[in-house]
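Here are some notes to read beside the structure. They take the contact between the chains, then a sheet, then a pair of helices.

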Number of protein chains: 2
Amino acid sequence: MEPTKRPKRVTITDVAARAGVSTAAVSKVLRNAYGVSPAMQERVRAAMAELDYRPHAAARGMRGRTYTIGVLLDSLRNTFFADILDGVQQQLRGSDYTVLIGAAGFGAAEQARTVQSMVDRQMDGLILIAPGTSRAEVLATAETLPTVVIGHHDTAAVHDSVVDADDQGAALVVDHLAALGHRRIALLAAPGLKGSQWKLTPEAVLAKGYTAAMKRHGLAPQALAAAYSEEGGYEAGKRLLGAADRPTAIMAGADVAALGVYRAAAELGLDIPGDLSLVGYNDTAIAALAPVQLTSVDQAGTTMGATAARMLLERVEGRRTRAMQTAMTPRLVVRSSTAAPRTG
Amino acid sequence: MEPTKRPKRVTITDVAARAGVSTAAVSKVLRNAYGVSPAMQERVRAAMAELDYRPHAAARGMRGRTYTIGVLLDSLRNTFFADILDGVQQQLRGSDYTVLIGAAGFGAAEQARTVQSMVDRQMDGLILIAPGTSRAEVLATAETLPTVVIGHHDTAAVHDSVVDADDQGAALVVDHLAALGHRRIALLAAPGLKGSQWKLTPEAVLAKGYTAAMKRHGLAPQALAAAYSEEGGYEAGKRLLGAADRPTAIMAGADVAALGVYRAAAELGLDIPGDLSLVGYNDTAIAALAPVQLTSVDQAGTTMGATAARMLLERVEGRRTRAMQTAMTPRLVVRSSTAAPRTG
DNA sequence: CCGACTTTGTAGAACGTTCTCCACGATGGG
DNA sequence: CCCATCGTGGAGAACGTTCTACAAAGTCGG
């Protein structure tokens, strides 16, 4: 049935024979474990080079490490994840670890399935970017292997966390818009995950910060749920901007949603930033594009990714056992999608 | 050293004991192989459900399949890949296969390393999206496991291919621009991969189609190399638009590069489409965004991905042994970045 | 020069599957 | 009835590593 006549792999046994040592010795060299003389080291390494030996990851997975890090994300379309990934890769460059990405979509079930399959493949550690699976499932996973959660502010003794101070980010935006003279500032944030038990999702923290900042300015908060996609932003934008008392400024929890609002505004003949100021979040590459020029909040995605990878390695290699949290400080990037409202 | 006290996994042996059969029998049920009575099927399935058994992928990899498909791509930033991935996932939904993505960056060495690590992990099949590794390396990989190459038009007996008819795509663009009255139409395409032995990269085919179409219209072709990134497009755009005899229309081989040209034009005070018509390629989601509205060429990425996945599965499951090529027909999507040149 | 300890290397049992035989009983043609 | 055939199930050897013992040889203090 299987048509491929695979040429036999070079195994640790071949290397051992070539170097005239035992397989155990080769294994030690491979893992640079204790108990090998420099002389033997060299002989074995030479043999490996000559035979072009490559360790068989699946076989390794049966006993020890697979030297694989799994990253879970929902969709490749959110380019913020590319920033995070860059950081992860950068941190892992030069190490023996390979990063494999699972793009699981937005469904909780699909995400759980993907995480499970990473566990089944004996990955050494996981980075979960704003996972949509239930908190209980994540905790169970983290119990079995080192895990870093990016995004959710809920902490746990069993996994590490890397977050952005989203409440500060929201405050930066509200302050900026209020300073420009806006009074009716609306927020578009992702709907909560039903029954997922996460209390402090990025969007929840963002909303909290937004509400607090609005109150501080003596303004009435107006929040609306919107999926973090172009379509989600469009629909929410249509609703907000079609109403009688429409806001003069809208802040979205993701750049891509902000661009959906842009489309809604364009359809209604509203000029940006003349009739409507628009702010995104994440400062993805799209926000900086020449025709876009969207004011946004920089979350330092690359740094987040690098930090997550560093923390994960500490755990994988057993250099740390206590859980740890890291928070990034956001930064406002003002571009030409925000201005003073027309009716000062 | 390793602090985690992992709760022991449920293995095939546990299931066998529970069902009162041999491990061999359980294995057969698992792979729904020949030689099991419906009665035993059911008993075993019940036992698996009761124990919440999950097959250990690493162990499977030692003998048979891992039920894992690897996808190689260079960067998550190119959202065209998200389209392809959607197609792949969609096709594989419901099957037992998991998709894992390797984002290897643009370096040939890094890409080769990533492909190797996929092979080492005993993946069942690979989808390589416009690989930057040498043709020889890809052929060697394809010799060991089923492989589908997306993008490059070079065919081989050893791997399948899915391509877009890029020459037709180029012709569509040139025809469109020529019909609008443009005479000086420049092409920005990725530089060739040095020493990679690929003769028919997407950009090469695109360039060929462009040149042929220009000649057909009696126009002088003008092609310039540009990396498929915002920065690459910007630099090439600066060069082209700063010259005395600047083109009135520019076609880029990727949307993201077109947006770099956009920035260059904006800096030079050129209006789009008034002073310059701009066309991208791939029709990524970015091109359709309200503030962008870039004319582009739709390559049906989702269909490409689905096709690639389907072809790969045929190979993995041994239903086909002969190599196969599939070509998609491109479609022009006209938006507001193209118009007649000012000086008719 | 003796025991204790360290260093270096090896033997061989796991790990959780798959898969190739092989055994057994039932069937059926001659 | 006997012998081939078929359908169902099991024993047990791989697969390529890691890792726990342990052996052998060397070192050192008394």
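1. Two residues are in contact if their C-beta atoms, placed from the backbone, lie within 7 Å. Please keep in mind that this is a predicted model.

2. Chain B gives 47 residues to the contact between the chains, and chain A gives 46 residues. On the side of chain B that touches chain A, the elements giving two or more residues include α5 (80-92), β2 (98-103) and α6 (108-120) of chain B. By class, that side of chain B has 24 nonpolar, 15 polar and eight charged residues.

3. In chain A, an open sheet is built from four strands with parallel pairing, in the order β7-β6-β8-β9. Strands β7 (222-225) and β9 (277-279) of chain A each have a single partner strand, so one side of each has no neighbour in the sheet. On average, neighbouring strands are turned by 20° against each other, direction ignored.

4. Within chain A, the parallel strands β6 (residues 185-189) and β8 (residues 249-252) are joined by four bridges. A:Leu188 has A:Ala252 in β8(A) as its bridge partner. Helix α8 (residues 166-180) of chain A packs on the sheet and touches β6, β8 and β9 of chain A. The direction of α8 makes about 165° with that of β9(A).

5. How far apart are the axes of α5 and α13 of chain A? The axes of α5 (residues 80-92) and α13 (residues 301-316) of chain A lie 6 Å apart, and the helices pack at an angle of about 45°. They are therefore oblique to each other. The crossing of α5(A) past α13(A) is right-handed. Their contact has nine nonpolar, seven polar and three charged residues.

Note on methods
Residues numbered from 1 in each chain as written. Chains lettered and ligands numbered in written order. Predicted model: local features only at pLDDT ≥ 70, side-chain atom pairs only at ≥ 80, totals over all residues. Axes fitted to C-alpha atoms, helices over the stretch in contact; angles between N-to-C directions. Parallel < 35°, antiparallel > 145°, perpendicular 65-115°, else oblique. Left-handed = near helix turned anticlockwise from the far one by under 90°. Nonpolar A, V, L, I, M, F, W, Y, C, P; charged D, E, K, R; others polar. Pairing = 2+ DSSP bridges.
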